[in-house]
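Please keep the sequence and the model in view while reading.

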Amino acid sequence: MNSRSAPVLNGYQGSWLSARISVNPAVTYHEIIGFGGAFTDAAGINIASLSAPTQERLMQSMYGTKGARYSIGRVPMAGNDFSTTIYSYDDHPGDVNMSQFALADADLTYKIPYINRALNLTGGDLRLFSSPWSAPAWMKTTGIMQGWGSLRAGLEDAWAKYFVRFFEEYLAHGISFWATTVQNEPSTGALPFWRWQTMYWSANGEKNFVAQYLGPALAASNASMSVKIIGLDDQRVFLPIFAYEAYSDPASSKYYAGMGLHWYFDSAAPALSMSAVHAAYPDKFILYTEACAGWVPLIQGPVLGEWQRAESYASSIIEVGQLCSRSLFLHKNIVLGPEQLRRRMDRLEHRPELAGLSSSFAKNLELSLLCTLHLKHLVRFDVVPSKTFDDTTCLRAVRRGCPTTSTRPSSRFLRPGARRVQSSISGIDAIGVEHTTFIEPDGQRILTVLNTAPFAKEVIIEETDGTSIKANVSPKSITSVIWKK
């Protein structure tokens with residue numbers, strides 16, 4: 001990863017081989033919301049295991065002014081698939097008024113302290129959104145939080161109150177939320193073989209829940225009246241149907257701010273589907289709420305220095321950034337260690353799907369020292385092969401992690417409020433080069449270039465007013481070029 005302030009070379013033409021990127025700052029598109037990761041109890045357990053100086057170095061690397069400067073964070077409502085235990089905030093059957101609702105020790109010990117530290121490091125410039133994995137077991141049709149099943153009929157109002165109580169309790173600890181998703185990966189609640197906490201919603205069912213229960217409940221509480229609602233929070237293939245159901249009905253559309261996507265099966269749906277939805281509903285955002293690598297069965301787990309994963313992240317970030325995603329990848333855990341991976345595998349009965357990831361993008365050791373352009377999550381760190389997570393392991397990952405390169409250029413330099421501008425690439429050397437260009441409110445331009453070729457390339461950046469910039473892009477690299485008129 002490289003980042004540089006570019007000298008303006010007016011009139012520079014380059015060679016006939018040069019890749020040429022034409023930039024038109026006068027034509028702008030969507031605005032960036034931010035980049036970040038999730039404050040899970042699994043992440044907190046690992047951070048807490050470090051010495052105070054190493055904890056601070058880790059948090060600074062993600063949220064400090066000299067680090068990745070993450071500006072968005074996801075907070076699971078109760079446990080998620082990397083939690084060491086399965087828990088909810090109200091395990092009292094029949095408590096439809098949520099009078100027994102209480103945050104768990106995991107929130108008080110492993111989430112809230114690190115959220116507050118991140119808020120301090122960012123000066124409060126950190127947008128938080130929540131995501132539930134499952135309602136309490138007594139509220140599900142199957143009677144258990146893990147595996148398939150849906151919300152029991154007649155408990156919609158109680159489930160909406162659960163959301164409100166969550167925001168009230170966090171506000172009591174000085175933490176307010178920007179948004180919430182309705183359900184993490186609702187499609188998995190229809191899969192009989194699913195092993196983790198989940199709950200099914202169809203597109204129509206989610207829309208009705210939002211319109212009749214969740215939207216009004218959030219609006220009625222001082223703790224949540226400003227909380228935005230994000231639909232779907234699942235694979236891109238479901239985006240058209242969920243967006244149509246949510247936005248075509250005025251009763252629900254008024255409560256939805258946008259849709260959340262996960263990147264795992266993007267190949268099953270064309271990226272242009274996002275453009276179609278954005279064109280139909282331009283006032284609604286599309287946010288990538290979760291991403292990670294190392295989940296494919298044949299190549300699962302952490303691989304130190306695996307550049308292909310960083311390249312894959314960067315390519316996806318550029319692709320969705322060129323279209324209409326406003327946050328490009330959010331890491332599923334800001335930090336994840338070997339013990340959480342083992343526990344998750346145990347719950348899978350040693351099935352390797354979805355195990356092991358990395359740091360900045362989603363599920364593993366997010367000691368982000370490199371770069372990115374998303375949203376689960378941002379380039380990443382792969383988990384260091386080790387039986388323990390401690391200061392030595394953490395610092396070694398900080399020094400050796402490679403994939404984190406995909407995220408940091410984006411998160412560090414692309415700040416909330418930056419807008420994508422029109423740009424295109426041509427020339428022989430454009431083969432293997434991907435790019436996206438943004439402009440900050442103060443006029444600063446930020447162009448991110450991914451060179452997938454094994455050799456260096458000369459890139460000529462040309463603005464419509466005749467300004468030209470030369471950038472020598474290293475082989476297999478991610479480069480941010482920054483200039484201001």
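Glu-290 and Arg-74 form a salt bridge, with their closest N and O atoms 2.7 Å apart; the term stands for a side-chain nitrogen of Lys or Arg within 4 Å of a carboxyl oxygen of Asp or Glu. Because Glu-290 lies in strand 9 (residues 285-290) and Arg-74 in strand 4 (residues 72-77), the pair ties together parts that are 216 residues apart in sequence. Helices (H or I, at least four residues) and strands (E, at least two) are DSSP runs, numbered from the N terminus. The model is a predicted one, in which local features need pLDDT of at least 70 and side-chain atom pairs count only at pLDDT 80 or more, while totals for chains, interfaces and linings use all residues. Residues are numbered from 1 along each chain as its sequence is written, and side-chain values use heavy atoms, with hydrogens and water left out.

In general, side chains of opposite charge can pair when their charged atoms come close. In this model the count of salt bridges comes to 16.

The side chains of Arg-236 and Asp-266 meet in a salt bridge, at 3.4 Å from N to O. This pair links distant parts of the chain, 30 residues apart: Arg-236 is in the loop between strand 7 (228-235) and helix 6 (239-248), whereas Asp-266 is in the loop between strand 8 (256-262) and helix 8. Arg-236 is buried, its relative accessible area being 2%; Asp-266, with a value of 10%, is buried as well.

The side chains of Lys-470 and Glu-458 meet at 3.6 Å, N to O. Lys-470 lies in strand 15 and Glu-458 in strand 14, so that the pair links parts of the chain 12 residues apart.

Strand 14 (residues 457-463) is mostly covered, with six of its seven residues buried. Which strands pair with strand 14? Strand 2 (residues 19-31) runs parallel to strand 14 and is joined to it by five bridges, whereas strand 15 (residues 468-473) runs antiparallel to strand 14 and is joined to it by six bridges. Two strands are taken to pair if DSSP finds at least two bridges between them. Ile-461 of strand 14 stands opposite Ile-21, and its bridge partner in strand 15 is Ile-469. Strand 14 and strand 15 form a hairpin with four residues between the strands, in which Gly-466 takes a positive phi near 100°.

Helix 8 (residues 272-280) has the buried residues Ser-273, Met-274 and Val-277. These three cover an arc of only 105° around the axis, which puts them on the same side of helix 8; the arc is that of the directions from the helix axis to the C-beta atoms. The face turned away from this buried side carries the exposed residues Leu-272 and Ala-279.

On the surface, Trp-16, Leu-17 and Ile-428 form a nonpolar patch, with about 350 Å² of accessible area together. Patches are made of residues with over 30% relative accessible area and no salt bridge, with like charges joined within 9 Å and nonpolar side chains (Val, Leu, Ile, Met, Phe, Trp, Tyr) within 5 Å. Trp-16 is placed in the loop between strand 1 (2-5) and strand 2, and at 68% relative accessibility it counts as exposed.

Finally, the chain as a whole. It has 12 helices and 16 strands, and buried residues make up 61% of its 485 residues. The protein chain exposes about 17000 Å², of which carbon and sulfur atoms supply 54%. Accessible areas come from the Shrake-Rupley method with a 1.4 Å probe; for residues, only the protein chains shown count as cover.

Methods
Buried < 20%, exposed > 50% of the residue type's maximum accessible area, 1.4 Å probe, protein only.
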